[in-house]
Number of protein chains: 2
Amino acid sequence: MITKDQIVTDYKLIQDEICASLELLDGKAKFEEELWERDGGGGGRTRVIQNGNILEKGGVNFSAVHGQLPDPLKKVLKIEQDDFFATGISIVIHPNHPMVPIIHMNIRYFEMPSSFGDGKKPVRWFGGGIDLTPHYILEEDARYFHASLKSVCDKFNPDFYPRFKLWADDYFFIKHRSETRGIGGVFYDRLTANDDLSWETIFEFSKALGRSFAPVYTELVNRNRDKPFNEEQQLWQFQRRSRYAEFNLVYDAGTKFGLETNGRIESILMSLPPTAKWVYNYQPLPGSEEEKTLSLLKKGINWV
Amino acid sequence: MITKDQIVTDYKLIQDEICASLELLDGKAKFEEELWERDGGGGGRTRVIQNGNILEKGGVNFSAVHGQLPDPLKKVLKIEQDDFFATGISIVIHPNHPMVPIIHMNIRYFEMPSSFGDGKKPVRWFGGGIDLTPHYILEEDARYFHASLKSVCDKFNPDFYPRFKLWADDYFFIKHRSETRGIGGVFYDRLTANDDLSWETIFEFSKALGRSFAPVYTELVNRNRDKPFNEEQQLWQFQRRSRYAEFNLVYDAGTKFGLETNGRIESILMSLPPTAKWVYNYQPLPGSEEEKTLSLLKKGINWV
């Protein structure tokens, strides 16, 4: 039986590993750590990197919180217990280069401690995912990204990649613009053990996914960081970031959960971009790279 | 009995008047108009002004839409009829100058046409408001702004200003940051006639509020437009704008209504700022103007 403590210990370790890799990747900026405690119980280690050679603003946050769920959230989650424990790592990186993609990774575990005990069916699940938001979609990079995720998934279960890839397409969707946030990736929620899937496998998969983040992003950054870019491309980058902000503020479940459970606001909203621009009624030039990117922001593209 | 047609005609006229005044105020930029139709019924006149001498991005939008309400909205509005008609003017102006405030004005009318008829109690109401979001709160300007609104309100009903000022404090509140969006103003919703208040008075008040927008904002712009400012103050302006974006995307009822009724997305989101910045964990210097502004972003300040 996997315990909360074990998950917390391993997730913290993964946070350390990722921060070390990202500092190495950047070559200049260092993470600053903020330890915080939550009024209702628990706390976290927020680590933020800023103004690097390539990482303009990024957060690698660990938290482990517990307490009483507010009533509206109980309704959303369709559960009756009052108490919860949630732990996870959440990452968003905004690079300063329009050809280098924004990336997001999250692994998390949730349980209701009062559901554990003799004869009870414990309420617990894992969730997570990695997805990529290129300002400019480069098809070769998109294929590399998805192939990497598929290979992580396939080590654990052949159903994971196809199922979680579809889930990411549906989840990272900006409904009011009818466009996906980026090229997706994998996303899963409320994953629980069953006859064909053990808690150990789910937990190991969660950690493997977390550990795939640094090498995959390092490759994507290094492929693109030395490319030249101009002011118009930077403007486009800022516009794409505004869509990222729209998604996170309007739809993202993690952000909503954080805002509604009285989380640490600067940690929750570290995902928001350093500079974003909203340009009224922007229309890309026909045949441009911007137009091509927009045409690829849709569900159901098979990248592998 | 005031009809939809009458309201539409007068609101359109007010839109015209305001656009003319703002062009005069700016002295350079001109509004561009986009006529649009809504799939479910109705449409609007979106007018956007950009890159002016002082008006960096602003919209003065008129719309008159009708159709069937989606089920989730019926629940929110606590009504049973299916059909709706909604018309209004909605304005947001983002100036390019940190000492010139952001302003928002809205007047609107809503009815359920099927609730009209023999013996039925018609479902209809007016709503609206004006509120100010200074990047730097200047107390003299705040007093001028509130005194102007009070004087408009007092012409119609002595209860309006105190009631609607409180309402604005509560409405324009960024819950997750425990700060108000700006210095408030007046806000009212679902205003209906009763023994002491006729539909005519409500309608005339709505128009008077709309017509107060241009002179009040002209005064506030002209008081501040020639003041010098530096890069740090501009950065602060961009940070304040990010809070504005947070409010509109997370809380604003008009934005939600637009997104959920499949409105024209560029018209709904024209309220979002041209450039916004999210700086992690920003702390103003003790004794600075920025700190003073933050200290005044709270409910319940009596400015008159």
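Trainee: Which residues of helix 1 of chain A are buried?
Mentor: This is a predicted model, in which local features need pLDDT of at least 70, side-chain atom pairs count only at pLDDT 80 or more, and totals for chains, interfaces and linings use all residues. Residues are numbered from 1 along each chain as its sequence is written, with chains lettered from A and ligands numbered from 1 in the order in which they are written. Buried means that 20 or more other C-beta atoms, placed from the backbone, lie within 10 Å of a residue's own. In helix 1 of chain A, that gives A:Ile7, A:Tyr11, A:Ile14, A:Gln15, A:Ile18, A:Cys19, A:Leu22 and A:Asp26.

Trainee: How far apart are the end C-alpha atoms of helix 1 of chain A?
Mentor: Helices are DSSP runs of H or I, at least four residues, numbered from the N terminus. This one has 23 residues (4-26), and at 1.5 Å a residue it should span 33 Å; the expected span is 1.5 Å times one less than the number of residues. The end C-alpha atoms agree with that, at 33 Å.

Trainee: Which residue follows helix 1 of chain A?
Mentor: Its phi is positive, near 80°. The residue is A:Gly27.

Trainee: What is the relation of chain B to chain A?
Mentor: Chain B can be laid on chain A by a turn of 180° and a shift of 0.0 Å along the axis, with an RMSD of 0.0 Å (least squares on C-alpha atoms of residues with pLDDT of at least 70 in both). That is the relation of a two-fold axis.

Note on methods. Helices (H or I, at least four residues) and strands (E, at least two) are DSSP runs, numbered from the N terminus. A residue is buried if 20 or more other C-beta atoms lie within 10 Å of its own, exposed if 12 or fewer, and partly exposed in between; C-beta atoms are placed from the backbone.
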